[in-house]
Amino acid sequence: MRRGSIFENVGMLKEMVRELEQANGELDVEIKGLQDENPLRILDGVRVVGVDGSEFSPLRELGIPVGAVQASRIKVTHGSGEYHVEIFSDFVHIEENLNLKRFAMEIELLMESMDGESYLFYDGSLLLSFVSELNTKIAREYMKLMTKLIKESENTSTPLIGYIDRSYAKDLARRCGIPNSFDAGLLKDIMPVMSYTQPVRCDKNLGYEDAISFSYLKIVGLPSRIEFPAWMEDDIQECVRIVLAESRIGSTGNYPYILERAHKYAAITAKEKDTMMRVVKSSGVSFKWISKVIP
Amino acid sequence: MKVVAVKGFREFDVEGELQIGDFIRCGDLIGLVKGLRIEEPEFVSYLSKYDVDEIKRFMPDVVEVKKIAECITLCDLKLSDPVRTPEIGDDVVVLSDDEIRSLHMQSGQSGNGFSIPYLLQLVDRADISVIKRLLERLMRIIPEEKELLDILMCEVEYAIMKKMQLR
């Protein structure tokens, strides 16, 4: 424990971040450059699908034991002006797992989109590292869904990309004996702008991970991590070109447009949450909550 | 079409393709479209990189504009004063000419079956051009009441002149 506020000790924070990004060993990974192509030329005629979800659980706090999940899917055929947006929602009882419900909805939307042509984008990791902290039944359900998705991608030859904007994964760092650092931080200064790392197969941990590979893509700043079924390894360059082009046409120039839009449609805004509260009205609202909001 | 905002006891917004002067029904409430606006399209944030045609072809969903109709609650289905507001998310439907006629020809309010009890409220809350448009429409839908509606129209026109200090 240090005396003083976090602002007074900000120097220590800076030092910790610097240590995380410092490599004392060499990363065993091959880096390849990408040509500076017009993203619209790359994407012309390419069909992409973005899926994202969100959830809403404060009704529990209100004394109403129901939560809500919302997921969106956007399909765009670049260059043609064709697109289709769909939004789905469901309500979840307090006994059910809200996060699992959301995940199941996202997986279902991706499964339905497996057409052998579209590039499917999922906002998040295909590796479910967090499930080890969950109870066995729920963890098994997560793994069952993801395994099914990965298999379906291979069976239908539909490219599937899990995009992680800020990854703190340590796969490469661990393999090179520097487990206190994280891959993206270590790669930040090694990778040139517009480059990617050759695919690396994930380590088997819970049982299905060796069916997934990952690469890092650096446009500018910290590299993003992309995860995909291992069968896509042979065509990684085309996959990375598509991800790069998608990212460059996004409003920030560094995050895939299709996920940006999927997120926009899936998000439950504060205004919507407020409205839902009003729709549910006051019946059954907990007195504790009322005492907090009424001065 | 759905209610997207409730701004006061009688005023609310609806997202959808509506026109000024449209009569709408929202549950048991009858409303009138008194204004239209569009929300700033999202493609503005992409314009620095691409032209509008490229955005339409490659990022088509950002070109879509949200059309918002500003509405006023006139009455309920029995032409009585409303006692509630619409709620966000409520479905909204446009009334047909026949439905507008039936609404205004209910017996019991003014003896002869024709009444516009909300008109006074409307004068306070909507532009005179909207009221004029409403009366013209009622003249077309309920021609047998044209004489009475003509008198009301004269009153409205007088009010316009009064505002312009032409009386």
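How many bridges join strand β8 (residues 200-201) of chain A to β9(A), and in which sense do the two strands run? Two bridges join them, and the strands run antiparallel, where strands are said to pair if DSSP finds at least two bridges between them. The model is a predicted one, in which local features need pLDDT of at least 70 and side-chain atom pairs count only at pLDDT 80 or more, while totals for chains, interfaces and linings use all residues. Residues are numbered from 1 along each chain as its sequence is written, and chains are lettered from A and ligands numbered from 1 in the order in which they are written. Helices (H or I, at least four residues) and strands (E, at least two) are DSSP runs, numbered from the N terminus.

Strand β9 of chain A, which covers residues 212-218, is mostly covered, with seven of its seven residues buried; a residue is buried if 20 or more other C-beta atoms lie within 10 Å of its own, exposed if 12 or fewer, and partly exposed in between, with C-beta atoms placed from the backbone. From β9(A), A:I212, A:F214, A:Y216 and A:K218 point one way, whereas A:S213, A:S215 and A:L217 point the other way, and all are buried. With strand β10 (residues 224-229) of chain A, β9(A) pairs in the antiparallel sense over six bridges, and A:S215 has A:I226 of β10(A) opposite it. These two strands, β9(A) and β10(A), form a hairpin with five residues between them, and A:G221 in the turn has a positive phi of about 70°.

Most residues other than glycine have a negative phi. A:M194, in the loop between α7 (183-187) and β7 of chain A, has a positive phi near 60° although it is a residue other than glycine. A:M194 counts as partly exposed because 16 C-beta neighbours lie inside 10 Å. In chain B, B:L79 has a positive phi of about 65° and is not a glycine; B:L79 is found in the loop between β5 (67-76) and β6 (93-94) of chain B, and counts as partly exposed with 18 C-beta neighbours inside 10 Å.

Two packed helices are described by the angle between their axes and the distance between the axes. Helix α4 (residues 98-112) and helix α5 (residues 136-156) of chain A pack at an angle of about 10°, with their axes 10 Å apart, where axes are lines fitted to C-alpha atoms, for helices over the stretch in contact, and angles run from 0 to 180 degrees between N-to-C directions. The helices α4(A) and α5(A) are therefore roughly parallel to each other, a description used for angles under 35 degrees, with those over 145 counted as roughly antiparallel, 65 to 115 as roughly perpendicular and the rest as oblique. On the α4(A) side, A:L100, A:F103, A:A104, A:I107, A:L110 and A:M111 meet A:I138, A:E141, A:Y142, A:L145, A:L149 and A:E152 in α5(A), two residues being in contact if their C-beta atoms, placed from the backbone, lie within 7 Å. The residues of this contact divide into ten nonpolar, no polar and two charged, with Ala, Val, Leu, Ile, Met, Phe, Trp, Tyr, Cys and Pro counted as nonpolar, Asp, Glu, Lys and Arg as charged, and the others, Gly among them, as polar.

Helix α9(A) is largely enclosed by the rest of the structure, because seven of its ten residues are buried. The buried residues are A:Y257, A:I258, A:L259, A:E260, A:R261, A:A262 and A:A266, and they pack against β2 (47-56), β3, β5 (119-123), β6 (160-164) and α8 (236-249) of chain A.

Between the chains, 17 residues of chain A are in contact with twelve residues of chain B. The elements giving two or more residues to this side of chain A are α2 (39-43), β3 (66-77), β4 (82-93), α9 (257-266) and α10 (270-280), and the largest share, three residues, comes from β4(A). By class, the side of chain A that touches chain B has nine nonpolar, six polar and two charged residues. Chain B itself has five helices and six strands, and buried residues make up 23% of its 167 residues.
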